[in-house]
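Biologist: Could we go through this model together, and may I ask what lies behind each label you use?

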Amino acid sequence: MKITAHLILGKNKATIEKCLSSLLPLKCNIVAIDFDADEHTLRACRAAGAEIVNVPFEGDFSKLRNATIDHNGLNLYLEPWELLACGHNQILEATNERYFCQVVQGELITKETRLWSGTTGLKFSNPVYESLPVEGSKFLQQMVIYSQENATKRDPSLTRELIEAWKAGSGVTKSEPIYYSACEHLVNKQYGKFLEDANRCVFQTKPSRMTTMTRYYMAAVLLHHKKDHAAAVSQVSQCIFENPKMAEFWCLLGDIHCKRHLYDKAQAFFTNAIILGSQRSRDDLWPVETAKYKRYPEKMIAGCQKMLKEANIY
């Protein structure tokens with residue numbers, strides 16, 4: 001089946017060659033949208049045989065993506081700072097369905113729909129962080145996408161401008177733009193604004209992965225930047241109620257109790273992170289912070305045991 005890979009190009013000269021090289025085993029068509037790309041990036045795409053197209057930008061990246069979908073064949077999308085690390089054979093065997101895979105950025109793994117047949121009618125949504133729905137997609141276990149280091153991504157000022165326009169046009173009942181606004185504030189270390197948007201998000205939306213992860217980030221900010229241990233416990237406890245197999249949640253609860261010098265309780269929570277985290281299904285749709293499933297809790301358990309031993313000496 002014909003495969004078309006889709007890119008939106010910017011100033012990506014540091015990463016574009018590896019991105020394009022990772023697609024070579026697929027022998028696929030490449031459609032690249034020129035979004036203020038530098039000459040080096042454009043030249044590399046032309047050399048790889050990519051079709052470079054210009055699509056008017058209307059303040060919505062999902063519309064850019066949707067404009068180039070092949071409605072008869074398979075579609076795969078990458079960012080120009082990513083590379084397709086493995087799973088090429090599995091992709092070549094794919095049929096007229098839709099598939100999600102693991103996307104790795106440092107020690108964070110997310111699950112995203114990146115391969116789909118145009119016959120499914122699947123389209124991008126979200127004008128800022130354009131995405132495809134992951135529910136209902138099949139898991140391609142061997143397909144892994146990596147984000148390269150030192151990547152030049154999108155202009156953060158444009159991102160903030162688009163988010164504010166999205167919020168203004170969505171009314172007060174839409175939580176998705178508020179969630180992404182909160183995420184952007186968190187990335188930029190604007191913790192007060194983050195908590196303001198995050199609170200709005202969780203209180204006007206029924207429980208979901210989005211609201212649970214928002215509570216998790218709220219708990220981390222409340223612990224590390226606001227020093228409000230009680231509020232942090234309240235938020236992360238609700239996360240554990242929603243998904244007790246997330247080692248990330250247990251580790252954060254352990255961190256809170258370390259700050260309180262309650263090392264016996266902290267040790268128990270870090271142990272839960274290892275035991276319950278090991279029971280997670282690889283194909284669930286929740287993000288994964290890889291260090292929190294073994295390396296980090298083992299280190300913290302050793303630290304707790306040391307503190308308890310020293311306390312007994314004195």
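Modeller: Gladly, so let me start with α8, whose buried residues pack against α6, α7, α9, α10 (247-259) and β9. Helices are DSSP runs of H or I with at least four residues, strands are runs of E with at least two, and both are numbered from the N terminus. This is a predicted model, in which local features need pLDDT of at least 70, side-chain atom pairs count only at pLDDT 80 or more, and totals for chains, interfaces and linings use all residues. Residues are numbered from 1 along each chain as its sequence is written, and side-chain values use heavy atoms, without hydrogens and water.

Biologist: What makes α8 largely enclosed by the rest of the structure?

Modeller: Twelve of its 16 residues are buried, where buried means under 20% relative accessible area, exposed over 50% and partly exposed in between, with a 1.4 Å probe and protein chains only. Among the buried residues are Met210, Arg215, Tyr216, Ala219, Leu222 and Leu223.

Biologist: How does the reach of α8 (residues 209-224) compare with the expected one?

Modeller: From first C-alpha to last, α8 reaches 23 Å, close to the 22 Å expected at 1.5 Å a residue. The expected span is 1.5 Å times one less than the number of residues. Likewise, α5 has 15 residues and reaches 21 Å, close to the 21 Å expected.

Biologist: How do you know that alanine 232 is buried?

Modeller: Its relative accessible area is 0%, so alanine 232 counts as buried. Alanine 232 lies in helix α9 (residues 229-242). Leaving aside neighbours within four places in sequence, alanine 232 is in contact with Ala219, Leu222, Leu223 and Ile256, contact meaning heavy atoms within 4.5 Å.

Biologist: And why does alanine 291 count as buried?

Modeller: Because its relative accessibility is 11%. Alanine 291 sits in the loop between β9 (288-289) and α12 (295-313). Not counting residues up to four places away in sequence, alanine 291 touches Glu107, Tyr296 and Pro297. Alanine 247 is 44 residues from alanine 291 in sequence, with 9.4 Å between their C-alpha atoms.

Biologist: At what angle do α5 and α6 pack?

Modeller: Helix α5 (residues 156-170) and helix α6 (residues 176-187) pack at about 155 degrees, with their axes 9 Å apart. Axes are lines fitted to C-alpha atoms, for helices over the stretch in contact, and angles run from 0 to 180 degrees between N-to-C directions.

Biologist: What does that make α5 relative to α6?

Modeller: That angle makes α5 roughly antiparallel to α6, as angles under 35 degrees count as roughly parallel, over 145 as roughly antiparallel, 65 to 115 as roughly perpendicular and the rest as oblique. The residues making the contact include Ile163 and Trp166 of α5 and Ile178 and Tyr180 of α6. By class, this contact has six nonpolar, four polar and five charged residues. Here Ala, Val, Leu, Ile, Met, Phe, Trp, Tyr, Cys and Pro count as nonpolar, Asp, Glu, Lys and Arg as charged, and the others, Gly among them, as polar.

Biologist: How do α10 and α11 pack?

Modeller: α10 and helix α11 (residues 263-277) pack at about 170 degrees, with their axes 8 Å apart. That makes α10 roughly antiparallel to α11. Contributors to this contact include Trp250 and Leu253 of α10 and Phe269 and Phe270 of α11. The contact residues divide into eleven nonpolar, four polar and two charged.
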